[in-house]
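I opened this model to get my bearings. These are my notes, in the order I looked things up.

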Amino acid sequence: MFPAIVRLLMLAAAANAALTYVGVDWSSVLVEEKRQVSYKDVSGKAMPLEQILKSNGVDTVRQRIWVTDGDYGNDYNIKLAQRAKAAGLNVYLDLHYSNSWADPGKQYAPSGWPSEVEALATKVYDYTKSLCDSFEQAGVRPVIISIGNEIRSGLLWPTGRTSNFGNIARLLKAASKAIKESTLNPKPKIMIHLDNGWDWNAQRSWYTSLLSANGGTFTLSDFDQMGVSYYPFYGSGATLSSLKSSLNNMAKQWSKDIIVAEVNWPQSCSRAGSFPSDLKSIPFSAAGQVEFLTKVASAMDGLPNVNSTGLFYWEPAWLGNAGLGSSCESNTMFTSSGTALSSMSVFSQI
């Protein structure tokens with residue numbers, strides 16, 4: 001291990017962020033394995049990805065679920081979750097409520113689902129409860145379920161657009177109720193997940209609108225966790241100091257657990273855009289990944305009024321999409337041939 005990595009891991013240990021959940025999103029591993037991708041630990045020894053994750057300190061894996069019979073659908077995710085459980089990993093389900101990707105730019109309801117709000121709420125309840133019951137039947141009990149993915153612009157369009165927070169509140173209420181009334185035992189934590197976790201004004205405006213809609217249809221008792229995405233390579237405003245301030249304000253305002261649900265950092269990037277000023281000194285390398293994750297974890301240390309915190313690296317092993325949505329060549333934590341980088345060990349330190 002390079003001396004720089006050793007120093008950074010010592011820094012990570014000193015930060016002592018005491019995260020409740022230390023995890024990664026590994027949604028695409030079955031897709032990758034179908035492409036004949038073989039994963040190896042840092043020494044080059046081939047082994048299943050879940051074993052590499054577990055041995056490096058990961059305790060929970062995140063999995064996105066689409067409304068589909070194919071990749072990323074319910075059956076796909078049960079198979080993946082059973083592998084996680086067998087390896088001693090907890091599971092966090094990220095429900096997109098869409099046939100494909102759901103994010104701030106697209107939140108389309110699944111084909112064939114109704115658009116009238118009460119009928120759609122019933123569909124959301126039935127779908128969510130059936131999904132939860134199927135995981136219980138399969139012997140996998142998620143520790144977290146996110147009802148929607150990056151829903152700052154709403155969910156289940158067109159009905160759940162932010163032009164009508166009353167509809168959003170009704171739909172989220174149905175999803176929360178379904179989880180609570182499912183056969184899952186013990187019950188998972190219920191998360192609301194927005195992007196741009198560094199933008200306190202956006203977080204405050206969104207949650208204030210949601211919690212006041214329809215005279216309080218959706219309340220603080222309907223969910224447990226506030227999840228955020230933090231991608232600093234999307235703009236200069238996403239400073240680490242802004243993230244820390246925003247998360248602190250969220251914790252003070254609503255006393256909910258805080259989870260950085262999506263984050264990553266480049267291992268290589270020759271096309272870097274406008275990175276935030278307080279992160280420009282961090283290199284695009286395995287050592288840089290350690291330094292960045294350590295600093296993000298430290299931003300959650302000492303948050304007021306919270307019972308738990310967590311950090312999830314988004315798709316560190318998705319080699320077929322190595323840029324992970326950025327302009328960089330690779331934000332994964334593996335080489336192109338599937339060998340783990342030294343940065344993987346940071347999960348045992350934060």
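**Overall form.** I began with size. With 350 residues, a compact globule would have a radius of gyration near 20 Å, and the protein chain has 19 Å, which agrees. This radius is taken over C-alpha atoms, and the globule rule is 2.2 Å times the number of residues to the power 0.38. I then boxed the chain along its principal axes: its C-alpha atoms fill roughly 60 × 40 × 35 Å.

**Ground rules.** I noted that this is a predicted model, where local features need pLDDT of at least 70, side-chain atom pairs count only at pLDDT 80 or more, and totals for chains, interfaces and linings use all residues. Residues are numbered from 1 along each chain as its sequence is written, and side-chain values use heavy atoms, with hydrogens and water left out.

**Elements and surface.** I counted nine helices and eight strands in the protein chain. Helices (H or I, at least four residues) and strands (E, at least two) are DSSP runs, numbered from the N terminus. Next I looked at burial. Buried residues make up 58% of the 350 residues. Buried means under 20% relative accessible area, exposed over 50%, and partly exposed in between, with a 1.4 Å probe and protein chains only. The chain exposes about 13000 Å², and carbon and sulfur atoms supply 50% of that area. Accessible areas come from the Shrake-Rupley method with a 1.4 Å probe; for residues, only the protein chains shown count as cover.

I also checked the reach of the contacts (heavy atoms within 4.5 Å). Among those between residues at least 6 apart in sequence, 77% join residues at least 24 apart.

**A helix pair.** Two packed helices are described by the angle between their axes and the distance between the axes. I took helix α4 (residues 74–86) and helix α5 (residues 117–137): they pack at about 35 degrees, with their axes 11 Å apart. Axes are lines fitted to C-alpha atoms, for helices over the stretch in contact, and angles run from 0 to 180 degrees between N-to-C directions. Which residues make the contact? On α4 they are Asn74, Asn77, Ile78 and Ala81; on α5 they are Leu131, Ser134 and Phe135. By class, I read four nonpolar, three polar and no charged residues. Ala, Val, Leu, Ile, Met, Phe, Trp, Tyr, Cys and Pro count as nonpolar, Asp, Glu, Lys and Arg as charged, and the others, Gly among them, as polar.

**Helix α3.** I moved on to two residues here. Glu50 sits in helix α3 (residues 49–55). Is Glu50 buried or exposed? Glu50 is buried, with a relative accessible area of 9%. Beyond its neighbours within four places in sequence, Glu50 is in contact with Trp26, Arg83, Ala87 and Leu89. Gln51 is also in helix α3. Gln51 is partly exposed, at 42% relative accessible area. The C-alpha atoms of Gln51 and Gly148 are 97 residues apart along the chain and separated by 29 Å.

**Two loops.** I found Lys256 in the loop between α8 (240–254) and β7 (257–263). Lys256 counts as buried, at 10% relative accessibility. Setting aside neighbours within four places in sequence, Lys256 touches Leu220, Phe223, Asp224, Met226, Asn305 and Val306. Lys256 and Asn214 are 42 residues apart in sequence and 22 Å apart in space, C-alpha to C-alpha.

Gly216 is in the loop between α7 (200–212) and β6 (225–230). Gly216 counts as partly exposed, at 26% relative accessibility. Gly216 and Ala169 are 47 residues apart in sequence but 8.3 Å apart in space, C-alpha to C-alpha.

Where are the cis peptide bonds I noted? One joins Trp157 and Pro158, with omega about 5 degrees. Pro158 lies in the loop between β4 (144–147) and α6 (165–180). Another joins Asn185 and Pro186, again with omega about 5 degrees. Pro186 lies in the loop between α6 and β5 (189–194).

Glu315 is not a glycine, yet its phi is positive, near 50 degrees. Glu315 is in the segment after β8 (309–314) and is buried, at 1% relative accessible area. Leu324, not a glycine either, has a positive phi of about 50 degrees. Leu324 is in the segment after β8 and counts as buried, at 3% relative accessibility.
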